[in-house]
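Subject: Handover of a structure for your review

Dear colleague,

Please find below the structure that I am handing over to you. My notes on what was found in it follow directly after.

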Amino acid sequence: MNYKIHIMKKLLKSIFKLINLFINLKLIQFINVKRNQFYSLWLSNEFKNKPSLYICFPAYVFGAKHVSIGENCNFGRRLRIEAYDKYLDDKYLPSIKIGDNVSIQTDCHIGAINNITIGNNVVIASKVYICDHSHGEINFESLKTRPALRKLFSKGPVIIKNNVWLGEGVVILPGVTIGENCIVGANSVVTKSFPSNCVLAGIPARIIKE
């Protein structure tokens with residue numbers, strides 16, 4: 001009889017521990033959501049058009065006055081957005097435009113000195129890098145200067161049109177346009193433009209299906 005009581009006590013203790021853990025997890029989740037909501041409200045005032053968005057803490061934003069964001073956007077943790085209007089002694093006219101219903105997952109980096117446009121209904125997986133510039137041109141004069149001190153150079157804007165899905169770890173390089181409804185496979189490096197309705201993959205990316 002005592003053995004049964006002992007077993008029952010251990011069982012009840014385990015159940016109470018699980019209930020307590022569940023309550024704590026729910027409480028932490030609730031606190032995180034509320035923190036992100038307040039953080040989103042505060043950060044939205046920094047952007048060009050004061051958007052209504054949900055952005056997870058933390059985010060790293062530089063040059064927010066050159067960034068406009070559409071409605072119903074959801075951004076994951078550690079998003080890094082940079083719009084440089086000045087670097088060293090050079091001045092630029094950057095623009096980053098993000099459309100409606102855009103979802104960006106964790107650890108993504110978007111950087112502009114020229115123009116980056118992301119259309120509506122775009123889904124961007126984690127660890128995606130989108131950039132319209134590089135540290136210096138590839139020529140002899142540039143190579144005489146260490147990379148951090150080279151003038152920023154853009155080969156052209158980046159345009160990602162509506163309904164595009166960028167997979168995990170994708171890299172989009174300067175001067176690239178990706179047409180509507182494209183899917184870019186994980187870890188692809190996109191070095192040139194592609195038309196609409198394509199599946200792209202590889203390094204460098206190529207069309208594997210239309």
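In these notes, a residue is called buried under 20% relative accessible area, exposed over 50%, and partly exposed in between, using a 1.4 Å probe and protein chains only. Accessible areas come from the Shrake-Rupley method with a 1.4 Å probe, and for residues only the protein chains shown count as cover.

This is a predicted model, in which local features need pLDDT of at least 70 and side-chain atom pairs count only at pLDDT 80 or more, while totals for chains, interfaces and linings use all residues. Residues are numbered from 1 along each chain as its sequence is written, and side-chain values use heavy atoms, with hydrogens and water left out.

The sheets

Helices (H or I, at least four residues) and strands (E, at least two) are DSSP runs numbered from the N terminus. Two strands are said to pair if DSSP finds at least two bridges between them.

Strand β5 (residues 79–83) pairs with β10 in the parallel sense over four bridges, and A83 stands opposite A112 of β10. Strand β13 (residues 129–131) also pairs with β10 in the parallel sense, over three bridges. Here H109 stands opposite Y129 of β13, and G111 stands opposite C131 of β13.

Another open sheet consists of five strands in the order β3-β8-β11-β16-β19, and the pairing is parallel. The edge strands in this case are β3 and β19 (177–178), each pairing on one side only. Strand β16 (residues 158–160) and β19 pair in the parallel sense over two bridges, with I178 in β19 as the bridge partner of I160.

Salt bridges

A salt bridge is counted when a side-chain nitrogen of Lys or Arg lies within 4 Å of a carboxyl oxygen of Asp or Glu. A search of the whole structure finds four salt bridges; three of them are described here.

The side chains of D85 and K65 meet in a salt bridge at 3.8 Å, N to O. D85 lies in the loop between β5 and β6 (86–87) and K65 in the loop between β2 (59–62) and β3 (67–69), so the pair ties together parts that are 20 residues apart in sequence. D85 counts as partly exposed, at 26% relative accessibility, whereas K65 counts as exposed, at 55%.

R80 and E82 form a salt bridge through their side chains at 2.8 Å, N to O. R80 is partly exposed at 36% relative accessibility, while E82 is buried, with a relative accessible area of 11%.

E141 and K144 likewise meet through their side chains in a salt bridge, at 3.3 Å, N to O. Both E141 and K144 are exposed.

A surface patch

L27, F30 and I31 make a nonpolar surface patch of about 310 Å². Patches are made of residues with over 30% relative accessible area and no salt bridge; like charges are joined within 9 Å, and nonpolar side chains (Val, Leu, Ile, Met, Phe, Trp, Tyr) within 5 Å. F30 is placed in helix α1 (residues 2–44).

With kind regards
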